[in-house]
Amino acid sequence: MKPWLERVVRPAVLGMKPYGSARSLGAPVEEEILLDANESPWSGLDGSLNRYPEPKSEKLVAALSSLYACAPENIFLGRGSDEAIDCLLRCFCESVQSTVLTLAPSYGVYDIAAEIQGAGVLKVTLEESEGFEVVVERVVAAAKDDTRLVFLCSPNNPTGGSISVETVRAVCAAFAGRAVVVLDEAYGEFSDTPSLGPEAGTIENLVVLRTLSKAWGLAGLRVGVCIAGPEIVELMDRVRAPYPLARPVLALALEALEKRGEMEQRVTLIRAERERLSALLAGLDLVEIVYASDANFLLLRLRELEVVDAAARLRSEGVVVRAKSPYLRVSVGAQIENDRLIAAFKKVGEAVCAK
Ligand SMILES: *Cc1c(COP(=O)(O)O)cnc(C)c1O
């Protein structure tokens, strides 16, 4: 293992042997009689569900590595990228002693995963007055010697902007040899900024998160990926649950990945709707600012109404949005859903003005 990685990984994980699950020696061949895993000889439902799944489906890994333009050994498979975030914390952060660095505002799961592991959370505030831009020097200045993970999110949830490839490379260079930079590209398909997934094996301290939950329309399936150097993938595989993806999930993910063209069409639709919705929202009395977004959501600043109150009022009109004080975040839906949002906003606006 690379010396820097040996220094950064938790000693407990470095020293452990991974659990050797029943199928870890490879998929069984047809005529073998399987008496090694205390399974039932009969399936409770159709589809060989009496058998444990492969611990890491070779077929799905192959499909994902082709999709994300990396090698199969660069792929960590998780129940959503949320599981990958959890595994990164478990691999790299000691309770109390380690910290992670996150952007503020950004995705809340980084903080929760750190809290569960007992790691501290350091924040770099993204300034609204600077268009929520990530400034390399500030990220570096906010870190400490005990910082093990630096979470970047591009496009960032909830601010919507992408981080340039140059900025990510500069952050990686600044933390080379001492911390892992986690680039969360959950919304990458909606952005024009190229993915850094193909570089995750090459830039040693970069790992990239991708998911089938957003552009692929499969949030209910729970499939996420961490693209990383093979040594980091192997460490993450040590700390995850023995059979992360269920058999039906593996089959459905493979089926979905064959329909890439359909996914791309949906992304084109959402991007067009994003621009249309953004213009409509900007024309509303209640809306002060609509921030530019490279993702499938829009961040708003309101006037007159506090955002929790606004979200409650929109909900009573049948439209559910997310209050992220002091902002409101709305997902870009189908055209008719977006029109409903605009109509609901207008009703709320009239009620507020009538007071
Ligand atoms: C939605 C989202 C995810 C996706 O998580 P999954 O566990 O893959 O569903 C990851 N990161 C960010 C920033 C998100 O907004």
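Which residues do ring pairs link into a cluster? I looked this up in a predicted model and found that Y107, Y110 and F151 are joined in this way.

**Entry: aromatic pairs.** I describe each pair by the distance of the ring centres and the angle of the planes. I counted seven aromatic pairs in the model. I then examined the pair of Y52 and Y243, whose ring centres are 4.4 Å apart and whose planes meet at 15 degrees. I record this pair as stacked, because an angle under 30 degrees counts as such.

**Entry: location of Y52 and Y243.** I placed Y52 in the loop between α2 (11-15) and α3 (58-67), and Y243 in the loop between α8 (230-239) and α9 (247-257). The pair therefore ties together parts that are 191 residues apart in sequence. I noted a relative accessible area of 37% for Y52, which is partly exposed. Y243 has 16% relative accessibility and counts as buried.

**Entry: Y110 and F151.** I next turned to two members of the cluster, Y110 and F151. They form a stacked pair, at 4.4 Å centre to centre and with 15 degrees between the planes. I located Y110 in helix α5 (residues 109-117) and F151 in strand β4 (residues 147-153), so this pair ties together parts that are 41 residues apart in sequence. Are Y110 and F151 buried or exposed? I found Y110 buried, with a relative accessible area of 0%, and F151 likewise buried, at 1% relative accessibility.

**Entry: a charge over a ring.** Finally, I checked R329 and F297. The charged end of R329 sits over the ring of F297, and I noted 5.9 Å from the ring centre.

Conventions: Residues numbered from 1 in each chain as written. Predicted model: local features only at pLDDT ≥ 70, side-chain atom pairs only at ≥ 80, totals over all residues. Heavy atoms only, no water. Phe/Tyr/Trp six-rings, centres within 6.5 Å; stacked < 30°, edge-to-face > 60°. Helix = DSSP H or I, 4+ residues; strand = E, 2+ residues; numbered from the N terminus. Buried < 20%, exposed > 50% of the residue type's maximum accessible area, 1.4 Å probe, protein only. Lys NZ or Arg CZ within 6 Å of the ring centre and 35° of its normal.
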